[in-house]
Amino acid sequence: MKRLAVWCVALVLSGLPAAAQSGGELRFCLRSEPKTFNPLAADDDASGAVRYLTGGVLVRVNRITQKAQPELATEWKVSESGKRISFKLRDGLRYSDGTPFSADDVAYTMQQLMDPALHSSTGDAFRSGEGAVSTRVISPTAIEINFPAPVANLANLFDTVAIVSSKSPLKEMAALGPFYVAEHKPGSYILLKRNPGYWKKDASGRPLPYVDAVRLDIEQNPDIEALRYRRGEIHLINTVSPAVFEKLSEENAALVRDAGTSTDTEQIWFNQVPGAPIPAYKQAWFSSTAFRRAVSEAINRNDLARIVYHGHATAAIGIVPASNKFWFNSELKPHPYDTGSALRRLQQEGFRLDNGTLRDKTGNAVEFSIITNAGSRTRESMAAMIQEDLKKIGIKVNVVPLDFNSLLERINQTHDYEACLLGFVNGDLDPNSVMTVWLSSGDEHAWNPKQKSPATAWEAEIDKMMRGQASALDERKRKEYWDKVQRIAWEHEPFIFLVNKDTLVAISPSVKNAQPSILPPQAYWNIEELALAH
Amino acid sequence: MKALRIAAVVLLLATGVAAFGARWIAPAGYEQQFRDEPAAAPSAHHPLGTDELGRDRLARLLYGMRVSLALAPLAALLTTSLAALLGGVAGCFGGWTERSCMFLADFFLSVPWLFLLITVRAALPLNISPEASAAVTFLLLGLLGWAASARVVCAGAKNLMRSDFVWNARAAGFAGFKLVRLHLLPNLRGTLLAQFWISIPVFIIAEANLGALGLGVSEPLPSLGSLLREMQNMVMLRPEPWRFVPILVLVLIVTSFQVLLRKQEVRI
């Protein structure tokens, strides 16, 4: 009878929602030490993770629906053609140290964020034009923020602005988010404890977050991180490599999850910088759209996805992957893998195959090097496969892995390279976040950055479209502009997009309510709702 | 003991033949990608399976041995020669010569070569062939690896200079190069050979580490080092013991050399 009672209790408990299993310490790893705990100055991934876990924001982009939802602000309104945003704030909220939250804190945060001395990349996103950003506190729960020029996607930009206290003696260490930094042992771990003043409650009225603490261990080596996960020492890995994913999956399929195609891209591009220290005949190849299209068609993207990513990637179509639900131009189709077509394009451009070696009009054998970052197994493998693919159309490729700083120096300063294989991490879905990539004057316009005037007609057209979408407020109009940019980029291929990798995460079955997303932080974006089964 | 030495000789000969006859023995080209069989287990077509890109592991091991077994001993020879020269001069002459040479050795030991090697890679042209990249890598290793060995040689030379037979030789009129050639070098041979054999596996592993900086043997050419680098991923290893073959081969080669070395030392 006693045993029956125990079974009944166990059965009832197992049927309870995850909220009943609150408490405990959730553990996972950061790949490096956070450079700062000031959420406004957070630039690196580790600092960004701490900001996400401790910071309170006005608006949060839901990582599943990809739509903005209220947080500290209950409602907001964008007006003055995108130059003003007004927020209505929640009343009666307090920071982790008990300091009350008000509109003055929002004004203080914006003032700190836009201070040029802070060099904040979060602040840079708001710099739409010359002039200062001003704030007007209407009441303790209402504020309007004015910008000198329209800012597209304005509300979503507040997803990364953690509101710091203007009055707390702890300054930026006072948290409005679900956790606060309780302990930090440099190089070893950061212990976050549940914010006693956190305002959110679940549907049944239970206070969130469910877990009492989050321990972030600093672990640079992803292999050791995977071993620790297997041993049960940590509860999740935010992103795992395809190889580790496969191995963990073979052991226990419940240990890992594929959240779907990410918004990140992997691409190669050719150096088209005038005056770069490369021979003129090579510059002529790299500037030729036909040459780039031919190289693109000679690369077997499906093989890259299948072999390098173990099937956890899809052949890339262009700048925007299909997983970016709203902004993807669905009229574009993948570039086919067709070596015959590639050779025809090259022949029309004056290239010829001579005993298995491709030669240009003047008889130069086509040979170039691809640089990539040393230590990235996936990129080194992709480069080796591209090397083999291009051999089929007579192109000799030399693969040169370089340490990351040398690589950046070559790309950004000396321009002493021929082709580069790298990727973009696109945490923000909006085209505004890639303005510096696509504007010909942009720093990150990798193939030919910081142009005084567009070098080609199609780059001038892209400039026009990018500026158009940045100043338009109507989302449909912006989409039209961005679709055209995608089309032009697809036709001219300044970036030869290779694959869109899947978001692979490892979440222990003991973590309840996990809903991995393709957007960062993939595994713990709903940290408040994560609970541990005991 | 004799059987062990015969086994070592046979193994080294077999390794040499296999490595330098890779063109005829290997079941496929080292760069050929069998894309339908990535990371395959051993089979009749691929006796050691295939790597992540579908390349035949046996072919890559044979060609990798060729690169490493040709270049690592050359680099070891260079480094041992430099160590013999500087360590020997320091030990024989003593005084400020010894202090200068040992200062140079200390300097070489204290410089963070890893960072300087990154600079060296940045200075190399990007379009060099994998073979040239391999040669440059081992040349650098040979030029930079002498310092620790030089200290050992210096200590050995100093001991010899204080020994009775050298005093006798000097009393009998032996000096300079003749003294070095007839009395010092033969007695330092064991030390130098030991430094030489120790350097080979060290350089093979160092080349693997340099690969992480982009300075090692570049794709698609394999080396023992680049094959060993695959084993960095501990999570991957457990169910696939055939991945250990490169390290097994390296251990067998080094052990065989050590067995023969011991015989040499006994003779000395």
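## Around A:Cys420

Let's start with one residue: leaving out residues up to four places away in sequence, A:Cys420 touches A:Ile268, A:Trp269, A:Ile370, A:Ile371, A:Thr372 and A:Ile411. Touching, or being in contact, means that two C-beta atoms, placed from the backbone, lie within 7 Å.

This is a predicted model, where local features need pLDDT of at least 70, side-chain atom pairs count only at pLDDT 80 or more, and totals for chains, interfaces and linings use all residues. Residues are numbered from 1 along each chain as its sequence is written, while chains are lettered from A and ligands numbered from 1 in the order in which they are written.

## The cores

A:Cys420, A:Ile370 and A:Val505 touch the most other members of the largest nonpolar core, which has 148 residues. Strand E20 of chain A (residues 495-507) gives this core its largest share, nine residues. Another core, of 56 residues, lies apart from it and includes B:Leu140 and B:Leu188.

A nonpolar core is a set of buried Ala, Val, Leu, Ile, Met, Phe, Trp, Tyr and Cys residues joined through C-beta atoms within 7 Å. Buried means 20 or more other C-beta atoms within 10 Å of a residue's own; exposed means 12 or fewer, and partly exposed is in between.

## Chain B

Chain B has 12 helices and zero strands (DSSP runs numbered from the N terminus: helices are H or I, at least four residues; strands are E, at least two). Of its 268 residues, 39% are buried. Its C-alpha atoms fill a box of roughly 75 × 50 × 30 Å along the principal axes.

## Where the chains meet

The contact takes 29 residues from chain A and 23 from chain B. On the chain B side, helix H5 (113-123) and helix H11 (234-237) each supply at least two residues.
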